[in-house]
Structures are given as C-alpha cells and as structure tokens.
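Subject: A structure for you to explore

Hi there,

Here is the structure I promised to pass on to you. Have a look around first, and then read on for what turned up.

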Amino acid sequence: QVQLVESGGGLVQPGGSLRLSCAASASGCIFIINVRGWYREATGKQRELVATNTSGGSTNYVDSVKGRFTIYRDNAKNTVYLQMSSLKPEDTAVYYCNAQEAVSGTMLEPNRDLDLWGQGTLVTVFS
C-alpha cells in the first residue's frame, strides 16, 4: 500500500512563506498516482480542499489561496509540494495531502489504493 508523509509545517508570521511536502512511498514500485491534493482543517471548521494537481499537470485552487499558493509535483520523487506565500492568520490549519488513486507493487501483482491521506502537518500563522 502507498503511504503519504507530509512535512514542512511550522510557525510563521503573516506575510511569510512555507513549503509543504508530501512524499509517497510503497513496497515495490509506484507506477502512477492520479489526482493529488492538499486539504486543510482549521479548528472548529470542516476540512476544505486547498489545491489539486492532476497527473497531467492541471491545477486547481480554492479562491482564498489563488495567487498565493502553488501546488506542483516531482514525479521522480513521488512528491507533491504546496508552496505557500503571503500567509495570513486564516491560513492556520492542519494541512493534509491526499491521493485519489495510486497503483504500486510489481507488474505481476499491482496494488491499487484509493483515497489516501497523510497524517497532517500543522501550519500556524501568528503575529
């Protein structure tokens, strides 16, 4: 099974920047990971979609982060990134990465995983 591990969260002042990383790993090879995304969950609020990146390179962002956040992937490293700039206090949340579909294993015994999540990484923007 493919596992996702986030890193890069932390404390930052308003206007600052952070880059989150989400690395995928599995026993055997990872053949493909389709749509990858970042979500966030602030205290007392529902988890919301922040950005998505398809295997073809198309991206989509929630309106509140457009122009400030950039999602991109390095397929060779099986890693997706979220570059966050001009951070605001309202960006404070636990950020989770997601993969809608992943195929890994071996050519003879491929394994398909759906709706994978990482453990989350906390981003705190404070004055």
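A salt bridge here is a side-chain nitrogen of Lys or Arg within 4 Å of a carboxyl oxygen of Asp or Glu. Before the results, a word on the source: this is a predicted model, in which local features need pLDDT of at least 70 and side-chain atom pairs count only at pLDDT 80 or more, while totals for chains, interfaces and linings use all residues. Residues are numbered from 1 along each chain as its sequence is written, and side-chain values use heavy atoms, with hydrogens and water left out.

**Salt bridges**

Side chains of opposite charge can pair when their charged atoms come close. How many salt bridges does a search of the whole structure find? The search gives 6.

Let's start with Arg40. The side chain of Arg40 meets that of Glu48 in a salt bridge, at 2.6 Å from N to O. Arg40 counts as buried because its relative accessibility is 6%, whereas Glu48, at 31%, counts as partly exposed.

Arg40 also forms a salt bridge with Asp91, at 2.9 Å from N to O. That pair links distant parts of the chain, 51 residues apart: Arg40 is in strand 5 (residues 36–41), and Asp91 is in the loop between strand 9 and strand 10 (93–105). Strands here are DSSP runs of E with at least two residues, numbered from the N terminus. Both Asp91 and Arg40 are buried.

Asp91 has a salt bridge with Arg68 too, where the closest N and O atoms are 2.8 Å apart. Arg68 sits in the loop between strand 7 (59–61) and strand 8, and Asp91 in the loop between strand 9 and strand 10, so this pair ties together parts that are 23 residues apart in sequence. Like Asp91, Arg68 is buried. Through shared partners, the salt bridges join Arg40, Glu48, Arg68 and Asp91 into one network.

**Cysteines**

A disulfide is a covalent bond between the sulfur atoms of two cysteines; for the count, the rule is a pair of cysteine sulfur atoms within 2.5 Å. By that rule there is 1 disulfide. Which cysteines does the disulfide join? The bond runs from Cys22 to Cys97, with 2.0 Å from S to S. Cys22 lies in strand 3 and Cys97 in strand 10, so the pair ties together parts that are 75 residues apart in sequence. The torsion about the S-S bond is about 50 degrees, so the disulfide is right-handed. Both Cys22 and Cys97 are buried.

Cys29 is partly exposed, with a relative accessible area of 46%.

An open sheet is formed by 4 strands in the order 1-3-9-8, with antiparallel pairing. Two strands pair if DSSP finds at least two bridges between them. Strand 1 (3–7) and strand 8 (69–74) stand at the edges with a single partner strand each, so one side of each has no neighbour in the sheet. Strand 1 and strand 3 (residues 18–25) run antiparallel and are joined by 5 bridges. Within that pairing, Val5 has Ala23 in strand 3 as its bridge partner.

**The nonpolar core**

A nonpolar core is a set of buried Ala, Val, Leu, Ile, Met, Phe, Trp, Tyr and Cys residues joined through side-chain atoms within 4.5 Å. The largest one has 28 residues, and Leu4, Trp38, Val50, Phe69, Leu82, Met84 and Tyr95 touch the most other members. Strand 10 gives the most to this core, with 5 residues. For Phe69, contacts (heavy atoms within 4.5 Å) beyond four places away in sequence include Val50, Leu82, Met84 and Tyr95, as well as Arg40 and Asp91.

**Two backbone details**

Asn78 has a positive phi of about 50 degrees although it is not a glycine. Asn78 lies in the loop between strand 8 and strand 9 (79–84), and at 22% relative accessibility Asn78 counts as partly exposed. Asp115 is another residue other than glycine with a positive phi, near 55 degrees. Asp115 belongs to strand 11 (residues 110–117) and is partly exposed, with a relative accessible area of 48%.

Enjoy exploring, and write back with any questions!

Key. Buried < 20%, exposed > 50% of the residue type's maximum accessible area, 1.4 Å probe, protein only.
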